[in-house]
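Visitor: I'm new to this one. Can you walk me through it, in short answers?

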Amino acid sequence: MNTTNQKEEDAIWYPPGGILIWLIVFVEVITFCMGIGSLVYDKTQNPSGFLSMQNQLNRSFAFWNTIFLLTSGFFLAMSVYAKEIQKESMYLYGLLFSMFFGMGFLILKFLEFYDKWTLGFTLDESVFFSYYWLLTGFHYLHVAVGLLILFIVFINRKTIELVNLEAGAIFWHMCDLIWLILYPALYLIQ
């Protein structure tokens, strides 16, 4: 059997980025979904209290954070594709734009955190704000780690293997997915 056919056959059973990153994604998504499920349950127990606290959130910040994170994810997907087809400049610019918009997310989210903190909406302000700080803070940490991963990819961009680039991209897209669940649960659904 020739090695090209063997690689193609192995690729059918080996997911992009490797099995470990998918296990991490599974555990992280389940963890966040349990937290969000708990939030939704507690919201049903005190809808008016949750609504009054939810109205203290800045929906504009959350909207723009969504745009930043999804735009970053788009550029990263474009970068992975460019690496596959060996378009080096497209790969580099996609990676840089992805990091730029990811940093934009972190800065805007930090400004939102600072605003809530200075207004006195701390972790122990209410049950709603306990969820807000724990869920968005944990997500913020994930985005920061994802940005660190992208920085490491950038430093090693010339020698990185595609499977490792894919693993970093999968982690980043997990952050997108989690935000797309957090955003409506915390900011939109009343």
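**A first walk through the model**

Guide: Of the protein's 190 residues, 42% count as buried. Buried means under 20% relative accessible area, exposed means over 50%, and partly exposed is in between, with a 1.4 Å probe and protein chains only. This is a predicted model: local features need pLDDT of at least 70, side-chain atom pairs count only at pLDDT 80 or more, and totals for chains, interfaces and linings use all residues. Residues are numbered from 1 along each chain as its sequence is written, and side-chain values use heavy atoms, with hydrogens and water left out.

Visitor: How many helices and strands are there in the protein?

Guide: Seven helices and zero strands. From the N terminus on, the order reads α-α-α-α-α-α-α. Both kinds of element are DSSP runs numbered from the N terminus: helices are H or I with at least four residues, strands are E with at least two.

Visitor: What box do the C-alpha atoms fill?

Guide: Roughly 65 × 30 × 20 Å, taken along the principal axes.

Visitor: Where is Gly 49 found?

Guide: In helix H3, residues 47-54. Gly 49 is partly exposed, at 23% relative accessible area.

Visitor: What does H3 pack on, say H6, and at what angle?

Guide: H3 and H6 pack at about 55 degrees, with their axes 8 Å apart. That makes H3 oblique to H6. Axes are lines fitted to C-alpha atoms, for helices over the stretch in contact, and angles run from 0 to 180 degrees between N-to-C directions. Under 35 degrees counts as roughly parallel, over 145 as roughly antiparallel, 65 to 115 as roughly perpendicular, and the rest as oblique.

Visitor: Which residues make that contact between H3 and H6?

Guide: From H3, Phe 50, Met 53 and Gln 54; from H6, Val 127, Phe 128, Phe 129 and Tyr 131. Contact means heavy atoms within 4.5 Å. By class, the H3 and H6 contact has six nonpolar, one polar and no charged residues. Nonpolar covers Ala, Val, Leu, Ile, Met, Phe, Trp, Tyr, Cys and Pro; charged covers Asp, Glu, Lys and Arg; the others, Gly among them, are polar.

Visitor: How do H6 and H7 pack?

Guide: Helix H6 (residues 127-155) and helix H7 (residues 162-188) pack at about 160 degrees, with axes 10 Å apart. That makes H6 roughly antiparallel to H7. Their crossing is left-handed. Left-handed means the near helix is turned anticlockwise from the far one by less than a right angle; right-handed means clockwise. The contact of H6 with H7 has 19 nonpolar, five polar and no charged residues.

Visitor: And H4 with H5, at what angle do they cross?

Guide: Roughly 160 degrees, and the axes come within 7 Å. H4 is therefore roughly antiparallel to H5. H4 passes H5 in a left-handed crossing. This contact has 17 nonpolar, eight polar and three charged residues.

Visitor: Let's go down to single residues. Is Asn 65 buried or exposed?

Guide: Buried, at 0% relative accessibility. Asn 65 is found in helix H4, residues 59-84. Leaving aside neighbours within four places in sequence, Asn 65 is in contact with Gly 104, Phe 105, Leu 108, Lys 109, Glu 112 and Trp 179.

Visitor: What about His 139, buried or exposed?

Guide: His 139 is buried, with a relative accessible area of 1%. His 139 lies in helix H6. With neighbours within four places set aside, the contacts of His 139 include Phe 32, Leu 69, Cys 175 and Leu 182.

Visitor: Where is Gln 86 found?

Guide: In the loop between H4 and helix H5 (88-118). Gln 86 is exposed, at 66% relative accessibility. Phi of Gln 86 is near 60 degrees, a positive value in a residue other than glycine.

Visitor: Is Cys 175 buried or exposed?

Guide: Cys 175 counts as buried, at 0% relative accessibility. Cys 33 is partly exposed, at 36%.
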